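Biologist: Could you walk me through this one? I'd like to see how each answer is reached.

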Amino acid sequence: MEKLKDAFDFRDFSRAEQVGFTIFSIFLLLFPWLGAGSFVKVVMIQFLLFSLFGMGWNTIGGYGGQVDLGKAQCVGIGAYTVALTMVWWKIPFWVSMPMGILLAVGYSFMIGYPLFRLKGHYFAIATIATSLVLQDIFANWKLVGAAKGIELPIHDHPDFLYMQFKSDTYYYYFIMVLFYVAIFYMNWFRRSKLGYQLRMIKDDEDAAESLGIDIRWCKIKAYSISAFVAVGGGFMAVYNLYIDPVSVMDLDLSIKIALMAMLGGAGSLWGPIIGAAFLVPLDRFLGSWLGGQKGLIGLDFMIYAMLIMVVSAYQPRGIWGIIEQFRRKGS
Amino acid sequence: MTLIDALLQGILMGLLFALVALGLNIIFGVMNIVNFAHGEFLMIGMYTTYWTSLLLDIDPLLTLPVAALVGVLLGIASYYSLIRYLLRGPAIAQLFGTFGLMLFLRYLAQFLFGIDYRIIQKGLLIGKSLSIGPFIFDWTKLAAGILSLFAFAFVYYFLNKTKTGKALQATSINKEAASYMGIKTDKMNAIAWAIGGGTVGIAGGLLANFYYVYPTIGILFVMIAFACVALGGFGSIKGVFFAGLLVGILEMVFPVFGSLVNSDFLGPHFKFTIVYLTYFIIVVFRPQGLFGWKN
């Protein structure tokens, strides 16, 4: 019970943050009635989804300081579990989604064990290697649709069990609920024992070890927790009704997840949300605006990449770091 | 393709891989930075050769100096405009910084040249092959392997016999001690990036003779280079040479075994998966690599 109370306790944030979060929450709740077009709705769903991914990444990447560039593996496992069980055995989403999470956590646990013998750069590159291997396997495995991917059966009537709705509003509220679960969880996590241990590890591994923290075990735990992003993968499967290795497992997806968290501010509660709020609309609007014009492919990613370079060179703590810097100067 | 045939082809590819990985390893050794953009440097080397040979209508082999020069300039420009600033930040920022550079160069290429797969059609060696006994070699691959070997030997000579090369090695062994001896770290870093860019530029030029040129090719080769560097040992020049050969052989020989067994997973698509797996296993069980001393 105590833990549950902690999750809803935002008292150690500043007044401005509390007010901002409340206004933002009211906005999210009312958003479908604000009369936004379908395109904006899609952008909002993407924003919530990527915030969720970013928060997952944040446990290991932000608080733990271990740059994980293979988060799409978990997303892919979640998506494939939901899609395959639905196509093969007609298992409802509400059963297959937890299965996907379980598989992703198990998988992270399994590869986390050898992975966390490595530190820093070595770890980051090894996560890319594992995710490329997994993607190659799925892209060639005929049983799971190989590179063609899987199409989910479309139902005639909206079906809550299989998460099929006619309107995006339902999907929006579903992902919003997940988003809040993630926020409350992260709010608890950052003050949990593991949260403090991870920050200690990030600052100074040797010091953490000398205090009796089992570094590798902590990292594996955090890595497995971050595997909960699989829930977003499951959502992608039922929302898009089509998945293939590129859409749910690609390295680009892993990079995007890590970048959003990093750009917003890794290791803070708001960081991934700010990052997603910044990059998802940028990505979408630039994509639809430039994608329509021939010969401008890639310009959106160039702007993206420049942002990353500037942020990592001048303020590695991201947008949230910049905000905090200003606040400290002001007070 | 018989086993011996695959072995010989693998050695030729391996020489090229070694050259690609060499620059990455020098940069890593000197300044402990992993350059994710290395594969994109290769891609730019390839485009340089492609465009100069096409527009000036000269043989692709003659464009190698241009590719090398572009690589050197790219390396130096990256160092002075980005990497120098990244060095002040934490390791995570360095990682993301070179990552950003990688994305930037990739999508710049996509923006400028489109997503088409291009291949050089005209050239002295293109389409010609040499048969020695039962073995047939493409001249382009033979040239790539031999010239890579020369380039590698040249850099090796430079590192071990010239004053600058020795200073570079001193910096990679102990930066502080080297700077007390009057070796300017900043200058050494820039030289490391210049050599890194130059060698990979040449490798790109050689590769463009027989490989498709497209904007996203970088990630494949940067992963191969990582595998070579990890296998040979981070910071070890000798190591990266043998590791390159090993990866080249592995990548060619594996599909030969694979074709004997009918399975989804042993086809030629998986030749690079095997490389990544090898990388993963080596780096987990022997992080210092086969010849490495940095851990």
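Biologist: Let's begin with a single residue. Is I120(B) buried or exposed?

Modeller: Keep in mind that this is a predicted model. A residue counts as buried if 20 or more other C-beta atoms lie within 10 Å of its own. I120(B) has 21 such atoms within 10 Å, so it is buried.

Biologist: And where in chain B is I120(B) found?

Modeller: Its contacts, leaving out residues up to four places away in sequence, include Y50(B), P60(B) and A208(B). T49(B) is 71 residues apart from I120(B) along the chain, yet their C-alpha atoms are separated by 8.9 Å. As for its place, I120(B) sits in the loop between α4 (91-113) and β1 (129-132) of chain B.

Biologist: Zooming out, what radius of gyration does chain B have, and why does it agree with a compact globule?

Modeller: The C-alpha atoms of chain B fill a box of roughly 60 × 50 × 35 Å along the principal axes. A compact globule with 295 residues would have a radius of gyration near 19 Å, so chain B agrees, with 19 Å.

Biologist: Now the partner. Which element gives the largest share of the side of chain A that touches chain B?

Modeller: Here 35 residues of chain A are in contact with 38 residues of chain B. The elements of chain A giving two or more residues to that side are α6 (120-140), α13 (251-265) and α15 (299-314). The largest share, 13 residues, comes from α6(A).

Technical notes. Residues are numbered from 1 along each chain as its sequence is written. Chains are lettered from A and ligands numbered from 1 in the order in which they are written. This is a predicted model: local features need pLDDT of at least 70, side-chain atom pairs count only at pLDDT 80 or more; totals for chains, interfaces and linings use all residues. Two residues are in contact if their C-beta atoms, placed from the backbone, lie within 7 Å. Helices (H or I, at least four residues) and strands (E, at least two) are DSSP runs, numbered from the N terminus. A residue is buried if 20 or more other C-beta atoms lie within 10 Å of its own, exposed if 12 or fewer, and partly exposed in between; C-beta atoms are placed from the backbone. The radius of gyration is taken over C-alpha atoms; the globule rule is 2.2 Å times the number of residues to the power 0.38.
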